[in-house]
Amino acid sequence: MKQLNRYKQNLHIHGLEVYSYSTHVATIDYQKNTLMQLGYRSQTTQKHINYVANELELKLLTGNTDNYQVNKLRKEKFTFVL
């Protein structure tokens, strides 16, 4: 699990999943250089998601996320260093 410099108590990255508090709020796709936001979030959680996208230099995808794409990402194997 990776912790970032800000929001240490409430923001974590576990594998390709971004968690705000204990909720999975976004999924990282390093092949496409994107962060897929899962649904609409509170103002604080949105700050967390935006922060991760900026820190990891990922394009943030918002709006309706196709569950098939998210499940597909979870099944793919990635090798990367954070």
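Predicted model: local features only at pLDDT ≥ 70, side-chain atom pairs only at ≥ 80, totals over all residues.
Figure 1. His-48 touches Tyr-7, Asn-10, Leu-11, Ser-20 and Tyr-21, leaving aside residues up to four places away in sequence. One of these contacts, Leu-11, is 37 residues from His-48 along the chain, yet the C-alpha atoms of the two are separated by 6.7 Å. His-48 is part of helix H1. Its relative accessibility is 2%, and because buried means under 20%, His-48 counts as buried.

**Figure 2. Helix H1 and what covers it.** The buried residues of H1 are Thr-45, His-48, Ile-49, Tyr-51, Val-52 and Ala-53. Their cover includes strands S2 (11–14), S3 (17–20), S4 (23–29), S5 (34–37) and S6 (59–61). Just after H1, Glu-57 adopts a positive phi of about 55°.

**Figure 3. The aromatic pair of Tyr-7 and Tyr-51.** The structure holds 1 aromatic pair. The ring centres of Tyr-7 and Tyr-51 are 5.4 Å apart and the ring planes stand at 80°, so this pair is edge-to-face. Tyr-7 lies in the loop between strand S1 (2–3) and S2, whereas Tyr-51 belongs to helix H1; the pair therefore ties together parts that are 44 residues apart in sequence. The two residues can also be described by their accessibility: Tyr-7 is partly exposed, with a relative accessible area of 28%, while Tyr-51 counts as buried at 8%.

**Figure 4. The hairpin of S3 and S4.** Strands S3 and S4 run antiparallel and are joined by 4 bridges. Within this pairing, Ser-20 stands opposite Thr-23 in S4. The hairpin has 2 residues between its strands, and Tyr-21 takes a positive phi near 60°. Both Ser-20 and Tyr-21 are also among the residues that His-48 touches.

Figure 5. Of the 7 residues of S4, 6 are buried, so the strand is largely enclosed by the rest of the structure. S4 pairs with S5 in the antiparallel sense, over 4 bridges. Asp-29 has Thr-34 in S5 as its bridge partner. In this hairpin 4 residues lie between the strands, and Asn-33 takes a positive phi near 60°.

Definitions and conventions. Residues numbered from 1 in each chain as written. Heavy atoms only, no water. Buried < 20%, exposed > 50% of the residue type's maximum accessible area, 1.4 Å probe, protein only. Contact = heavy atoms within 4.5 Å. Pairing = 2+ DSSP bridges. Phe/Tyr/Trp six-rings, centres within 6.5 Å; stacked < 30°, edge-to-face > 60°.
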